[in-house]
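User: Please walk me through this model, one feature at a time. Start with how to read accessibility.

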Amino acid sequence: VAPSAAGLFWSNNSASGSVYRAGVSGQSPTPIATALASPHRVVVHNGTVYWTEAGSGRIMRSGTDGSFV
């Protein structure tokens, strides 16, 4: 889990995984990136969410709102 002012971010580490966001005041989880190759190690920095894909070996990024995946 990676906390930030924009919410909490985490991944569903599976072969067809996702990265999710939820507000700190209890909002429902929202996927910001889907159909990922085993995403994990989520980090938030300066309004951008970063994660690694174990299945592809790539480092991915997205805006905290799910833009520019």
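Analyst: Buried means under 20% relative accessible area, exposed means over 50%, and partly exposed lies in between (1.4 Å probe, protein chains only). Ser 11 has 23% relative accessibility, so Ser 11 counts as partly exposed. Two notes on the source. This is a predicted model, so local features need pLDDT of at least 70 and side-chain atom pairs count only at pLDDT 80 or more, while totals for chains, interfaces and linings use all residues. Residues are numbered from 1 along each chain as its sequence is written, and side-chain values use heavy atoms, with hydrogens and water left out.

User: How many helices and strands does the chain have?

Analyst: Helices (H or I, at least four residues) and strands (E, at least two) are DSSP runs, numbered from the N terminus. Here there are 0 helices and 7 strands. Along the sequence the pattern reads β-β-β-β-β-β-β. The radius of gyration (taken over C-alpha atoms) is compared with a globule rule, 2.2 Å times the number of residues to the power 0.38. The chain has a radius of 11 Å, close to the 11 Å from the rule for 69 residues, so the chain is as compact as a globular protein of that length. Its C-alpha atoms fill a box of roughly 35 × 20 × 20 Å along the principal axes.

User: What share of the chain is buried? And which residues make the largest nonpolar core?

Analyst: Buried residues are 32% of the 69. In soluble globular proteins, nonpolar side chains tend to be buried together. A nonpolar core is a set of buried Ala, Val, Leu, Ile, Met, Phe, Trp, Tyr and Cys residues joined through side-chain atoms within 4.5 Å. The largest one here has 10 residues: Ala 2, Phe 9, Val 19, Ile 32, Ala 33, Leu 36, Val 42, Val 49, Trp 51 and Met 60. S4 gives the largest share, 3 residues.

User: How many aromatic pairs are there?

Analyst: Aromatic pairs are described by the distance of the ring centres and the angle of the planes. Rings of Phe, Tyr and Trp (its six-membered ring) pair if their centres lie within 6.5 Å; planes under 30 degrees apart count as stacked, over 60 as edge-to-face and the rest as tilted. The structure holds 1 such pair. The ring centres of Trp 10 and Tyr 20 are 5.8 Å apart and their planes meet at 20°, so the pair is stacked. Trp 10 is in strand S2 (residues 7–12) and Tyr 20 in strand S3 (residues 17–22), 10 residues apart. Trp 10 is partly exposed, at 26% relative accessible area.

User: Which residues form the salt bridge?

Analyst: A salt bridge is a side-chain nitrogen of Lys or Arg within 4 Å of a carboxyl oxygen of Asp or Glu. The count is 1. Glu 53 bridges to Arg 58, with the closest N and O atoms 2.9 Å apart. Glu 53 is buried at 3%, whereas Arg 58 is partly exposed at 45%.
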